[in-house]
Structures are given as structure tokens and as C-alpha cells.
Amino acid sequence: MAAKKLRRARLSQELCERLSRHQITTCQDFLCLSLLELMKVTGQSYYDVQKLLCRVSRACAPKMQTAYEMKLRKSVNPSSAFLSTTLHSLDKVLQGGVPCGSLTEVTCTISN
């Protein structure tokens, strides 16, 4: 979802064009920058950049779901031995999702 284009995050056309001139076209490109870098590139205040960060983060985040909702879906389709993470790439690597009945911790590290 981070590969989602910024224009789909409902940013203004002018702002999208300004960011595009700096090769910032996706949510991931935007979210990888520091507040100071975003202030410089967008020409906006600290407060406005924080609001933009929230908007872009919400636009590319997967829909929240509870473990209970996942369990209900699992009871409808009991043949599956995995719970989907809703992240297609991760489910593919895990060969279908998180194994049911297992205790799993997923962490993420970001490197520049």
C-alpha cells in the first residue's frame, strides 16, 4: 500500500506537482522523509507537515481489523490453515499467512 500514488491520498494537485519535482510520487517516498525535509520540499509549516503526514499515513494504511473479525472469517472458511495479514507480499512469503494456532510476532525495520 505504500506504493500508492500521492495523488490518491487526496493531496492538492499543486502539492503533488511540487513533490513530483523532487521525485516524491508515492506514499512511501513521502513517509521516508523527515519533518524537516518535508517542510523544505513542501514549503509548509511544521504543523501543516504533521497534518500531511497523518493524511498520507491514513491513506496508505491497510484497513484495521481485529483478531475476532479474522476468527469469524476463518470460521466461514475453515479449510484455510492460515490467517491472512492483508499484506499480499507478506502472505505470499508466509505461504498463505500466519499459521492458525501459532504465536507470531512481526517486526519491521526501516533502513535508509
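A residue is called buried when its relative accessible area is under 20%, exposed when it is over 50%, and partly exposed in between (1.4 Å probe, protein chains only). By that rule, the buried residues of helix α4 are V49, L52, L53, V56, A59 and C60. Seen down the axis of α4, these residues fall within an arc of 130 degrees, so they line one face of the helix; the arc is taken from the directions from the helix axis to the C-beta atoms.

This is a predicted model, in which local features need pLDDT of at least 70 and side-chain atom pairs count only at pLDDT 80 or more, while totals for chains, interfaces and linings use all residues. Residues are numbered from 1 along each chain as its sequence is written, and side-chain values use heavy atoms, with hydrogens and water left out.

**Chain overview**
- The chain has six helices and two strands; helices (H or I, at least four residues) and strands (E, at least two) are DSSP runs, numbered from the N terminus.
- Along the sequence the pattern reads α-α-α-α-α-β-α-β.
- Of the 112 residues in the chain, 22% are buried.
- The accessible surface comes to about 8600 Å², and carbon and sulfur atoms hold 56% of it; areas come from the Shrake-Rupley method with a 1.4 Å probe, and for residues only the protein chains shown count as cover.
- Among contacts (heavy atoms within 4.5 Å) with a separation of 6 or more, 30% join residues 24 or more positions apart.

**Confidence**
- The mean pLDDT, the predictor's confidence in each residue from 0 to 100, is 81 for the chain, and 88% of residues reach 70 or more.
- Confidence is highest in α3, at a mean of 93, and lowest in α5 (residues 67-76), at 71.
- Where pLDDT is low, the predicted coordinates should not be read in detail.

**Helix α4**
- Helix α4 covers residues 46-60, and its 15 residues should span 21 Å at 1.5 Å a residue; the end C-alpha atoms are 21 Å apart, which agrees. The expected span is 1.5 Å times one less than the number of residues.
- Y47 and R58 are exposed on the face of α4 turned away from its buried side.
- The cover over the buried residues of α4 includes α1 (13-20), α2 (27-31) and α3.
- S57 is also in α4 and counts as partly exposed, at 33% relative accessibility.
- A polar atom of the S57 side chain lies 2.8 Å from the backbone oxygen of L53.
- S57 and C27 are 30 residues apart in sequence, with their C-alpha atoms 7.6 Å apart.

**Helix α1**
- The buried residues in α1 are L15, C16 and L19. They cover an arc of only 100 degrees around the axis, which puts them on the same side of α1.
- Q13 and E14 are exposed on the other side of α1.
- The buried residues of α1 are covered by elements including α2, α3 and α4.

**T42 in helix α3**
- T42 belongs to α3 (residues 35-42) and counts as buried, at 3% relative accessibility.
- A polar atom of the T42 side chain lies 2.6 Å from the backbone oxygen of L38.
- Leaving aside neighbours within four places in sequence, T42 contacts L15, R18, L19, V49 and L52.

**D91 in helix α6**
- D91 sits in α6 (residues 88-93) and is buried, with a relative accessible area of 11%.
- Not counting residues up to four places away in sequence, D91 touches S84, T85, T86, G96 and G97.

Methods. A polar contact is a pair of N or O atoms within 3.5 Å; within protein, one must be able to donate a hydrogen and the other to accept it, and residues adjacent in sequence count only if both atoms are side-chain atoms.
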